[in-house]
Amino acid sequence: MLVALVAVAVALAVAMAVPALRHRLVHSALRRAGDRYRRRLEAPDSDVRLRQERRLRRLLGTGTAGGWEEFQEQHPLGQPCPDEAPGVPLPSLSLWALLLPGCWDTDPRLEGSLLYLGALGAAFPGALTRRGTAVLHWSPGCPRAPAGWPLPTLYCTPPAAAVLPSRAAALRLQLLFALRQRALRVLEAGLAAELHDALLTLRAEWPRLAQELELGRLSPQPGLPEELREELQALLSPAVARAAEIRDQCAHGFEGIALRLWPRLEVVVVRTMYGTERLYCDSLRQADCRGLPFYCPFYQAAGALLGVNLWPAEPLPRFVLCPDWAFCEFLPCLASKEPRTVLLDELWEGREYELVVTAQPGEYRCRTGEVLKVTGFHKQCPVVEPVRRESQTLSVRGESIPEEQFCHSLCRTLSLWPGARLIDYVCVESSLLGDSSGPSAPHYEVFLELQGLRDLSEVQRYKLDQCLQEDFPIYKSFRFKGSIGPLRLHLVRPRSFTRLREALSCPVPMPRVLREEQLLQLIQGAVIS
């Protein structure tokens with residue numbers, strides 16, 4: 001028996017020393033662990049309420065008495081909600097920990113990644129190929145784990161490229177390393193806007209990128225420290241044939257460029273592409289990434305992982321809320337002035353709820369400002385679709401126009417402008433403008449980047465205000481009374497929103513309502529019409 005165990009240990013050690021065998025061995029262990037957790041998640045006798053209460057007791061600490069009713073009494077609603085997850089290190093993994101139940105099943109990040117890897121591999125068989133995934137994600141200061149972090153051999157992108165203080169430099173470096181790898185199976189981005197901006201860089205700089213690949217040499221560039229440049233350059237070697245292929249494909253235009261540069265590409269993974277982030281996904285689907293499916297694997301709020309999308313092949317993301325990951329409460333929309341929160345097992349299909357989260361010790365009952373719609377149930381767990389962010393609601397007189405409905409009105413307006421295609425937009429309430437808004441009544445100002453139109457007539461500009469009045473009777477009423485002034489629309493120069501995202505200083509979904517004067521001044525400085 002001892003001899004057999006020693007033989008197994010020696011065989012494992014040998015396999016782990018060979019990169020390709022190590023990848024296959026860890027992949028197999030992760031698949032088994034993921035299957036085990038998914039069976040537990042989908043168990044027909046699973047008690048969602050019990051699992052939620054167990055999670056709450058774990059967050060409150062050992063020795064805590066009382067149930068969730070007492071918890072609600074002690075901690076009122078309305079605690080500030082953190083935007084970012086605290087810097088908790090990722091759990092260390094070993095093969096034995098993955099193979100033995102109970103050694104790993106208390107960390108939502110690991111469980112989420114296990115479910116992601118299982119769903120991705122089942123839908124796209126080649127997606128888990130060694131070094132077959134490229135990452136495009138900016139995480140200044142400290143690297144953030146990619147979606148498949150338990151299987152690091154998936155990735156061909158050096159982690160050091162993500163932590164540069166310059167967003168543009170980080171995405172350009174990651175794009176360069178992705179271009180080296182012709183056999184890519186997956187393009188993974190933290191935000192849809194990051195993939196969008198990286199491919200804009202490809203359009204603008206493909207001759208220089210091809211030259212760097214051909215020479216195997218990184219050119220000095222703003223935002224790239226010399227020491228890091230030398231470290232990353234050591235990972236490059238001349239790729240003459242690949243550089244020639246990139247030149248040839250880019251010279252033929254950029255429609256469907258992703259599949260032409262990476263012919264074995266199977267899927268684009270975007271960690272956040274719900275809400276108005278879909279604007280970038282729609283743009284990519286129509287041009288650069290034509291013919292490729294998009295998969296958004298996770299739902300996160302308040303810096304916590306809350307749900308997972310188990311259906312990679314479906315075009316619209318839906319997320320199973322996992323009861324073991326955070327304690328969730330829900331405020332019914334359109335409820336009374338003092339609504340009572342309901343729990344995970346009390347949700348109704350078809351209704352909308354504002355999410356309240358307890359995900360970290362000491363951060364209790366945080367109102368995330370995110371509204372979810374329950375679209376169904378997967379076994380015992382609710383399936384939700386993010387609808388809107390309350391922080392991005394437009395309101396100068398209490399009229400409250402949600403971001404997704406404003407976006408709908410804007411897109412309807414664009415259909416009335418022949419030849420115009422929306423690249424990006426942002427709104428400002430006139431209160432942020434101060435004296436520069438003049439003596440007019442409170443109003444909205446909208447900044448657009450368009451393709452196909454260089455200017456708009458006054459009649460065309462008024463169309464957006466007209467569509468808003470048609471779509472929102474309360475807005476029309478305030479406009480008729482003169483309590484709200486006419487909307488003002490400005491066109492900005494190309495790539496203005498790329499620079500605006502750089503100024504955000506952290507990788508967050510694009511705000512649709514600016515609340516900071518510094519960002520307002522930046523976009524005002526880009527106005528051309």
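Student: Quick one to start: is Arg 242 buried or exposed?

Tutor: Arg 242 counts as buried, because its relative accessibility is 7%. Buried means under 20% relative accessible area, exposed means over 50%, and partly exposed is in between, with a 1.4 Å probe and protein chains only. Keep in mind that this is a predicted model, where local features need pLDDT of at least 70, side-chain atom pairs count only at pLDDT 80 or more, and totals for chains, interfaces and linings use all residues. Residues are numbered from 1 along each chain as its sequence is written, and side-chain values use heavy atoms, with hydrogens and water left out.

Student: Got it. Which side chain does Arg 242 meet in a salt bridge?

Tutor: That is Glu 245, at 2.9 Å from N to O. A salt bridge here is a side-chain nitrogen of Lys or Arg within 4 Å of a carboxyl oxygen of Asp or Glu. Both residues lie in helix H10 (residues 240-251), three residues apart, about one turn of the helix. Helices (H or I, at least four residues) and strands (E, at least two) are DSSP runs, numbered from the N terminus.

Student: How many salt bridges does the structure hold?

Tutor: It holds 37. Some are linked in a network: Arg 167, Asp 197, Asp 424, Arg 501 and Arg 512.

Student: Which strands does the Glu 445 and Arg 488 pair link?

Tutor: The side chains of Glu 445 and Arg 488 meet in a salt bridge of 3.5 Å, N to O. This pair links distant parts of the chain, with Glu 445 in strand S14 (residues 444-451) and Arg 488 in strand S15 (residues 488-491), 43 residues apart. Glu 445 counts as buried because its relative accessibility is 6%, while Arg 488, at 30%, counts as partly exposed.

Student: And what about Asp 465 and Arg 479?

Tutor: Their side chains meet in a salt bridge too, at 3.1 Å, N to O. Asp 465 is in helix H14 (residues 458-471) and Arg 479 is in helix H15 (residues 473-481), 14 residues apart. Both Asp 465 and Arg 479 are buried.

Student: Changing topic: which residues touch the most other members of the largest nonpolar core?

Tutor: Leu 195, Leu 202, Leu 306 and Phe 330 do, out of 86 residues in that core. Helix H8 (residues 192-215) gives the most to this core, with nine residues. A nonpolar core is a set of buried Ala, Val, Leu, Ile, Met, Phe, Trp, Tyr and Cys residues joined through side-chain atoms within 4.5 Å. There is also a second, separate core of 35 residues, including Ala 33, Leu 120, Trp 149 and Val 267.

Student: What does Leu 306 touch?

Tutor: Leaving out residues up to four places away in sequence, the contacts of Leu 306 include Tyr 299, Val 320, Trp 325 and Val 357. Contact means heavy atoms within 4.5 Å.

Student: Tyr 299, okay. What stands opposite Tyr 299 in S6?

Tutor: Gly 307 does. Strand S5 (residues 298-301) and strand S6 (residues 304-308) run antiparallel and are joined by four bridges. Two strands pair if DSSP finds at least two bridges between them. Their hairpin has two residues between the strands, and Ala 302 takes a positive phi near 55 degrees there.

Student: Which side chain makes a polar contact with Tyr 299?

Tutor: Glu 370, at 2.8 Å. A polar contact is a pair of N or O atoms within 3.5 Å; within protein, one must be able to donate a hydrogen and the other to accept it, and residues adjacent in sequence count only if both atoms are side-chain atoms. Glu 370 is found in strand S11 (residues 366-378). Glu 370 is buried yet has no salt bridge, and the nearest side chain of opposite charge, Arg 389, is 6.4 Å away. For charges, Lys and Arg count as positive and Asp and Glu as negative, while His and the chain ends are not counted.

Student: Last one: what is the strand order in the open sheet of four strands?

Tutor: The order is S1-S2-S3-S4, with parallel pairing. S1 and strand S4 (294-295) are the edge strands, each pairing on one side only. Strand S1 (residues 133-136) has both faces covered: Thr 133 and Val 135 on one side and Ala 134 and Leu 136 on the other are all buried.
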